[in-house]
Number of protein chains: 2
Amino acid sequence: MSLRIALLGLLSVSGPASGYDLTKKFETSINYVWQAGHSQIYPELAKMAADGLITVEPEGPRGRKIYTITREGTDELHRWLVERVPTDPVRSEGALQAFLLPLLSAPEALDVLSRLTAAAETRLADLRALRATKLALHESDQWKIGYYALDLGIRHALTTIDWARHTAAEIDPGSA
Amino acid sequence: MSLRIALLGLLSVSGPASGYDLTKKFETSINYVWQAGHSQIYPELAKMAADGLITVEPEGPRGRKIYTITREGTDELHRWLVERVPTDPVRSEGALQAFLLPLLSAPEALDVLSRLTAAAETRLADLRALRATKLALHESDQWKIGYYALDLGIRHALTTIDWARHTAAEIDPGSA
DNA sequence: AGCAACATGTAATTGGTTACATGATTTA
DNA sequence: TAAATCATGTAACCAATTACATGTTGCT
């Protein structure tokens with residue numbers, strides 16, 4: 001369901017686009033909230049067209065197919081946004097390592113923590129870079145799309161880094 | 001893979017247990033980092049036994065089967081903890097709503113934010129309650145298992161609440 | 001006797017990843 | 001003309017959810 005919503009959202013914001021275009025947007029823009037590859041996107045677009053949420057204009061330049069959101073699609077998207085109670089199943093390898101951390105010796109645990117910190121720092125840098133470019137060329141009217149989610153992601157990364165520092169100090173008071 | 005690790009972790013911490021016991025632990029303890037139901041757990045235990053990571057003592061009281069972690073299982077678990085670089089695919093309905101928030105009118109967006117806040121507050125309360133009981137009866141030696149992950153979860157929930165308040169104020173400066 | 005909790009499984013379906021497969025256009 | 005990028009698809013597999021299915025023990 002959410003893949004469908006993400007696609008409707010992108011089509012709604014940036015107008016008609018091909019599966020290829022949308023795949024690129026998944027790689028470069030929406031990927032920090034939802035991920036999908038072309039092998040998942042192409043079949044989903046076909047189903048969405050069959051369901052009347054989008055229309056297809058076949059045969060652009062290289063067999064390129066342009067999809068446009070319909071009124072029904074816009075309605076479906078709006079309904080999901082205002083009605084859907086989000087359920088985010090917790091399934092995180094990082095949190096699982098945190099959970100089982102006491103099974104390790106202090107030096108091993110500190111290693112794991114520094115790895116988790118490094119991952120969070122990389123993510124933080126990526127998100128901040130994205131925000132910087134976003135702010136620099138802020139895409140006309142719709143520049144706010146993605147902005148709040150970016151902020152949320154940055155805050156979560158900072159929180160993870162903070163937690164790791166705090167936890168390391170608790171495991172080894174000397175290393176702080 | 002991670003389901004397997006979670007099961008090995010629980011067996012390592014609390015000693016031999018049945019599929020039923022482990023299912024209960026998934027519901028009550030490890031569920032805030034990894035979720036699974038019995039229909040996923042039973043077949044996985046069978047595979048793990050076939051792979052030599054655990055052994056089975058069949059036929060307790062009601063057809064109850066007791067699983068015990070082997071040396072190989074312990075090694076596999078340890079290796080995963082110290083070597084595995086965690087990859088947490090981002091796929092969050094809540095973040096997707098945040099991403100698409102600017103598609104809504106201000107009042108609609110504020111509604112969505114208050115729903116996200118409510119969800120985070122519920123989670124926060126759950127995690128704090130868990131921590132309180134955990135600290136009260138801190139299970140002998142192994143009470144620290146799960147503790148750091150609990151702390152991480154609580155911090156993330158607080159961050160989400162903070163973000164939602166901040167974002168609401170940005171959308172409607174009057175409502176703050 | 002009946003209900004709740006214990007206890008284990010399988011089947012059907014959906015969602016997602018990796019790998020396979022093919023062809024068109026642009027650019028160096 | 002060769003490589004890169006554009007462009008679309010399918011197949012095999014793994015992970016996860018929901019529903020179906022069955023039997024046991026303890027308690028009231």
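Start by selecting A:R91 and B:W34: the charged end of A:R91 sits over the ring of B:W34, 5.8 Å from its centre. "Over" has a rule here: NZ of Lys or CZ of Arg must be within 6 Å of the ring centre and within 35 degrees of the ring normal. Now pick B:R91, which lies over the face of A:W34 at 5.8 Å from the ring centre.

A quick note before moving on: this is a predicted model, where local features need pLDDT of at least 70, side-chain atom pairs count only at pLDDT 80 or more, and totals for chains, interfaces and linings use all residues. Residues are numbered from 1 along each chain as its sequence is written, chains are lettered from A and ligands numbered from 1 in the order written, and side-chain values use heavy atoms, with hydrogens and water left out.

Next, the aromatic pairs. Rings of Phe, Tyr and Trp (its six-membered ring) pair if their centres lie within 6.5 Å; planes under 30 degrees apart are stacked, over 60 edge-to-face, and the rest tilted. That rule gives four aromatic pairs over all chains. Select A:Y32 and B:F99: their ring centres are 5.8 Å apart and their planes at 55 degrees, so the pair is tilted. A:Y32 lies in the loop between helix 2 (19-28) and helix 3 (38-50) of chain A, and B:F99 in helix 5 (residues 93-100) of chain B, so the pair joins two chains. Helices here are DSSP runs (H or I, at least four residues), numbered from the N terminus.

Are these two residues buried or exposed? A:Y32 is buried, with a relative accessible area of 6%, and B:F99 is buried at 2%. Buried means under 20% relative accessible area, exposed over 50%, and partly exposed in between (1.4 Å probe, protein chains only).

Last stop: A:F99 and B:Y32, with ring centres 5.8 Å apart and planes at 55 degrees, so this pair is tilted. It crosses between chains, from A:F99 in helix 5 (residues 93-100) of chain A to B:Y32 in the loop between helix 2 (19-28) and helix 3 (38-50) of chain B. Both A:F99 and B:Y32 are buried.
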